[in-house]
Amino acid sequence: MKQYLLSTASAVLIAGSAFATDGVPSEIASEGTFKAPPYSPYANRNLPERPLWGDTHLHTGLSLDAGAFGNTLLPDTAWRFAKGEQVISSTGQPVRLARPLDWMVLTDHTDLMGFAPDLQAGKPGVLADPKGREWYEGYSKGGEAAGKSAFDLITNFSQGTLPELLLESYSPGADAFSFTWEHIVDAAEDHNEPGVFTAFIGFEWT
């Protein structure tokens, strides 16, 4: 009888070791208790079930740097490209992503927003300034001349020596700046598809 009582107590102690004081099974103590693989493969699983792929830094031809170096594509094309559509690049090549993105933030630069397309088009407001005309002529020649114009433009921007007329025309409060920002917002709204593709409205503060 004593042997039986001892065995029962031992069994209770062994079984009880797998439980916390509140009766909930202890993960550490229960490891190795069952020889068969768990029937619930999702228990304790912490791997991402559905990773979503995106891009947080993309410029179009609206940005000073990208536009000055030859990017002529605008937000609508960038969004279609991100969603997996085939588009024609600034160099005339057909391009398409191997895998469409799930989300993207289009982050054109805040400073001189909208200046690059007007420079490429040779708008009167740009050509009215001697420096603007110089940059346009260099850009129009292409090749090394275009590269020199782009670097000179960015150098003047970074050193705060841009012509006052151009700076005022493409800063917050100016019509060109406001028009460009509205374009960016509208394009993101048009391409946002809840549950399918997320188009974030964004910018890069320079």
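Contact here means heavy atoms within 4.5 Å. The model is predicted: local features need pLDDT of at least 70, side-chain atom pairs count only at pLDDT 80 or more, and totals for chains, interfaces and linings use all residues. Residues are numbered from 1 along each chain as its sequence is written, and side-chain values use heavy atoms, with hydrogens and water left out.

Start at Y170. This residue sits in the loop between α9 (164-169) and α10 (175-191). Helices (H or I, at least four residues) and strands (E, at least two) are DSSP runs, numbered from the N terminus. Y170 counts as buried because its relative accessibility is 5%; buried means under 20% relative accessible area, exposed over 50%, partly exposed in between (1.4 Å probe, protein chains only). Leaving aside neighbours within four places in sequence, Y170 is in contact with L112, M113, G114, F115, D118, V126, A176 and F177. Y170 and L112 are 58 residues apart in sequence, yet their C-alpha atoms are 4.7 Å apart in space.

Y170 also belongs to the largest nonpolar core, which has 12 residues, including L64, A68, L112, F115 and W135. A nonpolar core is a set of buried Ala, Val, Leu, Ile, Met, Phe, Trp, Tyr and Cys residues joined through side-chain atoms within 4.5 Å. At least two residues of this core come from each of α3, α5 (115-121) and α8. Apart from it lies another core, of 10 residues, among them W79, M104, A188 and A199. In soluble globular proteins, nonpolar side chains tend to be buried together.

Now follow A68. Beyond four places in sequence, A68 is in contact with S63, A116, Y139, A150 and L153. The largest share, 4 residues, comes from α8.

Turn to H59, in the loop between β1 (54-58) and α3 (64-68). H59 counts as buried because its relative accessibility is 17%. The H59 side chain reaches the backbone oxygen of T107 at 2.7 Å. Leaving aside neighbours within four places in sequence, H59 is in contact with D65, A66, N71, T107, D108, H109 and E204.

How values were computed:
Polar contact = N/O pair within 3.5 Å; in protein donor to acceptor, adjacent residues only side chain to side chain.
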